[in-house]
Amino acid sequence: MTGFAGFALRRAVGAVITLLAISVIVYVVFYVTPGNVAQITCGPRCSPEQVHQVSQQLRLDDPLYLRYWHFLSGIVAGQDFSTGTSVAHCPAPCLGLSYRSDQQVTQIILTKLPVSLSLVIGAMVLWLILGVGTGVLSAWRRGRFTERALTGLTLAGMSTPVFVIGLVLMIVVCGQLELLPFPEYVAFSDDPEQWAWNLVLPWFTLALAEAAYFARMTRASMLETLAEDHIRTFRAYGVGERSIVGRHALRGALAPIIALNANDFGSAVGGAVLIETLFGLPGIGQELVHAVTVVDLPVVVGMVLVIGFFVVLANAVADVLYAVADRRVVLA
């Protein structure tokens, strides 16, 4: 296959290989450790019978490659878990069973994932609008007061911790001005309007922190693109400055913006722990911290794999967007 279809297929195959590599690394790091892995997985309060049961489920007596194959086949095809008196089936993709709540890890993640995706997707829209818009305007008004003011705001945004931004917004918007209620997560399926109103402050908190980096990146890319020969040619032919900036220079500066957005989106799915904790959002990040605290190893492994999946997916989508923005990427 050649052209765009071949390019997309190569990126898809590369993404699958990367996910397999991540699963190997995660399994080795968490399950091939010194000490009694069954005891660590089950927890300090487990009885010897429970530890033995966990050891059988993890197949610790099998060779390492068979243990990993069992772990991988559970993700692809599902597996059965003994609960002592009966056998429970965990359908694919099966990421294990929590030894703290006896829930399937997949179900725990599916419960928490909509919260994190609601936070990150809404914030991403805002940080792209604010960051890219600020960067373009700063590059367009280079050397003027507008650029100096926007540069100062960008530096302030980059140097202010995200929890400080969130606290200030809550105190001012919810406390003093009373424009919004204090955030309390409501599912989109229950009430879309309340879902949006309760996420406005978390969206802006995360977006303002990220927008500063996008503004800086966009400004640098725009200035570099505006100095290229083809831009000078457009100006020589009398093309309007707004058309040059909006249609030609911005498109040429998209590559680093796409890369930064892919990286930030993937990491923010599991990395927005401060935002979720500050606003009481029961998302992936908060659940991961709780699982680490109580040493719920299957949940930790499942969360890390899901976060890795979103990082790989975001970068694969970014590769495709590269090709859309610049057709030369397909031939590389």
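The expected span of a helix is 1.5 Å times one less than its number of residues. Keep that in mind for helix α4. One caution: this is a predicted model.

So, α4. This helix covers residues 64-77. It has 14 residues. From its first C-alpha to its last it reaches 20 Å, close to the 20 Å expected at 1.5 Å a residue. After α4 comes G78, whose phi is positive, near 90°.

Which residues of α4 are buried? R67, Y68, H70, F71, L72, G74 and I75.

Now look at R67. This arginine sits in α4. R67 is buried, yet it has no salt bridge. How far away is the nearest side chain of opposite charge? That side chain is D62, and it is 7.3 Å away. A salt bridge needs a side-chain nitrogen within 4 Å of a carboxyl oxygen. What does R67 touch, leaving out residues up to four places away in sequence? Y27, Y31, V32, L58, R59, L60 and D62.

Next, the surface. There is a nonpolar patch here, formed by F163, L167, V168, I171, V172, L177, L179 and L274. Together these residues have about 720 Å² of accessible area. Where does the largest share come from? Helix α7, residues 162-176, with five residues of the patch.

One of the patch residues is V172. V172 is found in α7. Its relative accessible area is 30%, so V172 is partly exposed.

Key
Residues are numbered from 1 along each chain as its sequence is written. This is a predicted model: local features need pLDDT of at least 70, side-chain atom pairs count only at pLDDT 80 or more; totals for chains, interfaces and linings use all residues. Side-chain values use heavy atoms; hydrogens and water are left out. Patches are made of residues with over 30% relative accessible area and no salt bridge: like charges are joined within 9 Å, nonpolar side chains (Val, Leu, Ile, Met, Phe, Trp, Tyr) within 5 Å. Accessible areas come from the Shrake-Rupley method with a 1.4 Å probe; for residues, only the protein chains shown count as cover. Helices (H or I, at least four residues) and strands (E, at least two) are DSSP runs, numbered from the N terminus. Buried means under 20% relative accessible area, exposed over 50%, partly exposed in between (1.4 Å probe, protein chains only). Lys and Arg count as positive and Asp and Glu as negative; His and the chain ends are not counted. Contact means heavy atoms within 4.5 Å.
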